[in-house]
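Reader: I would like to learn how to read a model like this one. Please take me through it feature by feature.

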Amino acid sequence: MSKYVQLVQALESGIASVKFEKPVSRITLNFCQKTRAHGARHFWRKNIPQLQFMNPNVKFDVKLSQEKIKPSIELALPSGAKTLDITGLSSQDVVKKLLSSL
């Protein structure tokens with residue numbers, strides 16, 4: 001199996017390989033580089049690529065702060081902006097919280 005096929009299979013499988021049911025225009029992940037935000041980091045590296053692949057019309061941004069901030073996700077929905085606090089959550093819990101808030 002080629003590396004390309006393996007990459008596509010990895011993007012199409014997993015907890016974050018979901019098409020959003022509701023329209024979302026932007027998702028922004030905010031966290032500090034100097035804190036121990038392991039769940040946010042793992043979500044950034046592993047789950048955002050899957051979400052991007054499954055939802056190509058959604059713009060994804062990552063804002064890395066030098067100042068200490070709580071990790072959060074900002075959603076731009078037609079009904080208005082929504083902020084999710086993801087402090088202390090694992091990457092799987094971040095995905096579950098994101099999907100349940102849509």
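Reader: How many of the seven residues of E1 are buried?

Author: A word of caution comes before the answer: this is a predicted model. In strand E1, six of the seven residues are buried, so the strand is mostly covered, buried being under 20% relative accessible area.

Reader: Which sheet does E1 belong to, and what is the order of its strands?

Author: The general idea comes first. Strands of a sheet pair through backbone hydrogen bonds, either parallel or antiparallel. Here the sheet is open and has four strands, in the order E2-E1-E3-E4, with mixed pairing. The edges are strand E2 (59–65) and strand E4 (80–85), each of which pairs on one side only. On average, neighbouring strands of the sheet are turned by 15 degrees against each other, direction ignored.

Reader: How many bridges join E1 to E2, and do they run parallel or antiparallel?

Author: E1 (residues 26–32) and E2 run parallel and are joined by seven bridges. Thr28 stands opposite Asp61 in E2, and Cys32 has Ser65 of E2 as its bridge partner.

Reader: How many bridges join E3 to E4, and which way do these strands run?

Author: E3 and E4 run antiparallel, with six bridges between them. They form a hairpin, and two residues lie between the strands. One place to look is Ser72, whose bridge partner in E4 is Asp85.

Reader: Back to E1. Is Asn30 buried or exposed?

Author: Asn30, in strand E1, has a relative accessible area of 8%, so Asn30 is buried. The side chain of Asn30 makes a polar contact of 3.0 Å with the side chain of Glu74. Setting aside residues up to four places away in sequence, Asn30 touches Lys63, Ile69, Lys70, Pro71, Ser72 and Glu74.

Reader: Why does Arg26 count as partly exposed?

Author: Arg26 counts as partly exposed because its relative accessibility is 33%, and that class lies between the 20% and 50% cut-offs. Arg26 is also found in E1. Its side chain joins that of Asp61 in a polar contact of 2.3 Å. Beyond the residues up to four places away, Arg26 touches several others, including Val58, Lys59, Asp61 and Glu74.

Reader: How far is Arg26 from Ser2 in space?

Author: The two are 24 residues apart in sequence and 32 Å apart in space, C-alpha to C-alpha. After H1 comes Gly14, whose phi is positive, near 115 degrees.

Reader: Where does H2 lie relative to the strands?

Author: A general point about helices comes first. An α-helix has 3.6 residues a turn, so residues three or four places apart point the same way. In this model, H2 lies across E1, E2 and strand E3 (72–77), and runs at about 165 degrees to E1.

Reader: Which residues does Gln50 touch?

Author: Gln50 is found in helix H2 (residues 38–54). Not counting residues up to four places away in sequence, Gln50 touches Ala10, Leu11, Ser13, Gly14, Ala16 and Ser17. The side chain of Gln50 reaches the backbone oxygen of Ser13 at 2.8 Å. Gln50 is buried, because its relative accessible area is 10%.

Reader: What sits over the ring of Trp44?

Author: The charged end of Arg45 sits over that ring, 4.0 Å from its centre. Ring-to-ring pairs are read in another way. A pair of aromatic rings is described by the distance of the centres and the angle of the planes. A search of the whole structure finds one such aromatic pair.

Reader: Where does Thr87 lie?

Author: Thr87 lies in the loop between E4 and helix H3 (91–100). At 43% relative accessible area, Thr87 is partly exposed. The side chains of Thr87 and Asp85 are joined by a polar contact of 2.6 Å. Leaving aside neighbours within four places in sequence, Thr87 is in contact with Lys70 and Pro71. The C-alpha atoms of Thr87 and Arg36 are separated by 9.8 Å, while the two residues are 51 residues apart along the chain.

Notes:
Residues are numbered from 1 along each chain as its sequence is written. This is a predicted model: local features need pLDDT of at least 70, side-chain atom pairs count only at pLDDT 80 or more; totals for chains, interfaces and linings use all residues. Side-chain values use heavy atoms; hydrogens and water are left out. Buried means under 20% relative accessible area, exposed over 50%, partly exposed in between (1.4 Å probe, protein chains only). A polar contact is a pair of N or O atoms within 3.5 Å; within protein, one must be able to donate a hydrogen and the other to accept it, and residues adjacent in sequence count only if both atoms are side-chain atoms. Contact means heavy atoms within 4.5 Å. Two strands pair if DSSP finds at least two bridges between them. Axes are lines fitted to C-alpha atoms, for helices over the stretch in contact, and angles run from 0 to 180 degrees between N-to-C directions. Rings of Phe, Tyr and Trp (its six-membered ring) pair if their centres lie within 6.5 Å; planes under 30 degrees apart count as stacked, over 60 as edge-to-face and the rest as tilted. A charge sits over a ring if NZ of Lys or CZ of Arg is within 6 Å of the ring centre and within 35 degrees of the ring normal.
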